[in-house]
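I opened this notebook to record what I looked up in one chain. The sequence and structure come before the entries.

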Amino acid sequence: IFAGYSIMGISDANAAAVRTYKQVVIQDGDNLWNLIESYNPGTHIDVRDAIYDVYEINDISESDVRPGETIFIPVY
């Protein structure tokens, strides 16, 4: 069965769907745009979508992003 999934590329699709997160303490001057770009160098992600992911993952809104807060940033 595994060989069949590998041939069809299903295992590759599942591996690509797995996302990791970096726990970050927000510092003065930080913003989500720059944090996402710094933890995802060289990737071709839509930062706006990643910011939305940050809001969803952390159950926060833009007003909750303040220095001293700890959030999770997706690493693609």
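The entries below go from the whole chain to single residues.

**Basis.** I worked from a predicted model, in which local features need pLDDT of at least 70 and side-chain atom pairs count only at pLDDT 80 or more, while totals for chains, interfaces and linings use all residues. Residues are numbered from 1 along each chain as its sequence is written, and side-chain values use heavy atoms, with hydrogens and water left out.

**Whole chain.** I counted four helices and two strands, taking helices (H or I, at least four residues) and strands (E, at least two) as DSSP runs numbered from the N terminus. Along the sequence I read the pattern α-α-β-α-α-β. I noted that 21% of the 76 residues count as buried; buried means under 20% relative accessible area, exposed over 50% and partly exposed in between, with a 1.4 Å probe and protein chains only. Of the contacts (heavy atoms within 4.5 Å) between residues at least 6 apart in sequence, 61% join residues at least 24 apart.

**Helix 3.** I looked up which residues of helix 3 (residues 32-39) are buried, and found Leu 32, Leu 35 and Ile 36. They lie on the same side of helix 3, because they cover an arc of only 95° around the axis; the arc is that of the directions from the helix axis to the C-beta atoms. An α-helix has 3.6 residues a turn, so residues three or four places apart point the same way. The buried residues of helix 3 pack against strand 1 (20-25), helix 4 (47-58) and strand 2 (70-75). At the N-terminal end I found Asn 31 as the cap of helix 3, with a side-chain oxygen 3.1 Å from the backbone nitrogen of Trp 33.

**Helix 3 against helix 4.** I checked the axes of these two helices, which come within 10 Å and cross at roughly 105°. Axes are lines fitted to C-alpha atoms, for helices over the stretch in contact, and angles run from 0 to 180 degrees between N-to-C directions. From helix 3, Leu 32, Trp 33, Ile 36 and Glu 37 meet Val 47, Arg 48, Ala 50, Ile 51, Val 54 and Tyr 55 of helix 4. By class I recorded eight nonpolar, no polar and two charged residues in this contact.

**Asn 40.** I located Asn 40 in the loop between helix 3 and helix 4. Is Asn 40 buried or exposed? Asn 40 counts as buried, because its relative accessibility is 5%. A polar atom of its side chain lies 2.7 Å from the backbone nitrogen of Tyr 76. Not counting residues up to four places away in sequence, Asn 40 touches Ile 45, Pro 74, Val 75 and Tyr 76.

**Asn 58.** I found Asn 58 in helix 4, buried at a relative accessible area of 16%. Its side chain reaches the backbone nitrogen of Phe 72 at 2.8 Å. Leaving aside neighbours within four places in sequence, Asn 58 is in contact with Ile 71 and Phe 72.

**Asp 59.** I placed Asp 59 in the loop between helix 4 and strand 2. Asp 59 counts as exposed, because its relative accessibility is 70%. I also noted a positive phi of about 50° for Asp 59, although it is not a glycine.

Technical notes: A polar contact is a pair of N or O atoms within 3.5 Å; within protein, one must be able to donate a hydrogen and the other to accept it, and residues adjacent in sequence count only if both atoms are side-chain atoms. Ala, Val, Leu, Ile, Met, Phe, Trp, Tyr, Cys and Pro count as nonpolar, Asp, Glu, Lys and Arg as charged, and the others, Gly among them, as polar.
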